[in-house]
Amino acid sequence: MPELPEVETMRRDLDKEVVGRRVKSVEATGLRTIRRHKTKKNFTSKLEGRKITGVERKGKYLLLKLDDGNLLVVHLGMSGQLLRAKSAKEPTLKHTHVVLNFTQGGQLRYVDPRTFGELFVTQPDELAHEVPELAHLGFDPLEDVMSWTKFGDMLHEKKTKLKPLLMDQRFLAGIGNIYADEILFAAGLRYDRDSNSLTAQEIRRLYRAMVETLQDAIKHRGSSLADEQYRDIFGEVGDFQSQHKVYDREGEPCRRCRSPIARVKTGGRSSFLCEQCQV
DNA sequence: CGATCTACCTGATGGC
DNA sequence: TGCCATCAGGTAGATC
């Protein structure tokens with residue numbers, strides 16, 4: 001579910017809402033969400049008594065810094081939500097797997113119906129060998145400065161289709177199925193273009209489309225689709241879906257040329273595009 | 001190496 | 001009303 005804009009929206013709100021708070025106690029229901037820890041106690045004991053000192057994001061991962069130097073790593077998978085509760089009395093949603101109780105009152109809850117997401121506590125210097133998928137993340141399109149010419153060199157080094165490359169977290173960190181389609185439309189490029197076939201102008205357009213689309217989506221607090229499964233930490237839906245040019249718009253007129261948006265299946269997932277505007 | 005499939009899960013939706 | 005198939009913002013691992 002959540003891609004870079006949704007995770008960044010949550011990061012900014014968490015920075016205001018939970019940084020400076022101390023964890024009094026932790027409730028973990030079941031082991032699946034905290035599967036990197038062998039026991040519940042092994043997870044909860046690393047959080048209890050700790051103060052949260054900062055919140056960072058790497059790609060789609062949230063990293064909550066603790067005052068003992070450790071990190072609480074959160075990956076939301078397809079259906080994970082972090083929700084700020086002002087008190088324990090607020091009704092608990094089904095599929096609530098982890099609850100952090102703060103000393104000053106209030107909670108942070110992790111809810112995840114499909115349980116693809118996970119939480120774990122680790123030491124920063126052990127990230128590299130304990131969490132290879134995080135250590136091997138590609139560059140973050142908003143955090144890491146890169147010239148479009150360097151970006152072009154990286155595209156030319158790969159011999160793969162454009163969309164899978166944009167979504168490859170080891171190449172670029174944070175882009176998923178929605179934003180890959182939106183970025184490709186904004187750049188006027190098809191999902192199945194060979195990454196080493198782009199002209200200098202197309203590379204520049206793609207780089208610009210990537211940065212602008214992601215920034216725009218953050219301004220709109222991310223995308224919530226029909227099921228409204230993406231919610232921010234206050235339980236509110238995002239607004240960027242109203243700005244989508246192609247994603248989930250099969251058969252609707254292209255906002256640029258009026259021809260119907262097409263939907264194709266590739267690699268088991270849907271891609272949306274305008275056959276006229278994307279070449 | 002790249003492309004494609006499978007598995008991990010629950011829940012919503014649509015056809016019959 | 002129910003039953004079944006299909007689909008969903010992610011990722012890793014197997015296979016060809």
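Start inside the protein: in this predicted model, select F151, L155, I175, I183, L206 and M210, which touch the most other members of the largest nonpolar core, a set of 41 residues. Now colour the elements that each give two or more residues to this core: helix 5 (148–157), helix 6 (162–167), helix 7, helix 8 (200–219) and strand 10. Helix 8 is the top contributor, with 9 residues.

Next, centre on I175. Leaving out residues up to four places away in sequence, I175 touches E3, K60, L166, M167, Q169, A180, I183, M210 and L214. There's a separate core to visit as well, apart from the largest one: 28 residues, with M10, L100, L108 and I233 among them. As background, nonpolar side chains tend to be buried together in soluble globular proteins.

Now show DNA strand C and pick out what surrounds it: 23 residues, of which M1, E133, L225, D227 and Y247 are the closest.

Finally, zoom in on some individual atom pairs. At D227, a polar side-chain atom sits 2.5 Å from a base oxygen of DNA strand C. Hop to Y247, where a side-chain N or O atom is 2.6 Å from a phosphate oxygen of DNA strand C. Last stop is S270: again look for a side-chain N or O atom, here 2.7 Å from a phosphate oxygen of DNA strand C.

Notes:
Residues numbered from 1 in each chain as written. Chains lettered and ligands numbered in written order. Predicted model: local features only at pLDDT ≥ 70, side-chain atom pairs only at ≥ 80, totals over all residues. Heavy atoms only, no water. Near = heavy atom within 4 Å. Polar contact = N/O pair within 3.5 Å; in protein donor to acceptor, adjacent residues only side chain to side chain. Core = buried A, V, L, I, M, F, W, Y, C linked by side-chain atoms within 4.5 Å. Buried < 20%, exposed > 50% of the residue type's maximum accessible area, 1.4 Å probe, protein only. Helix = DSSP H or I, 4+ residues; strand = E, 2+ residues; numbered from the N terminus. Contact = heavy atoms within 4.5 Å.
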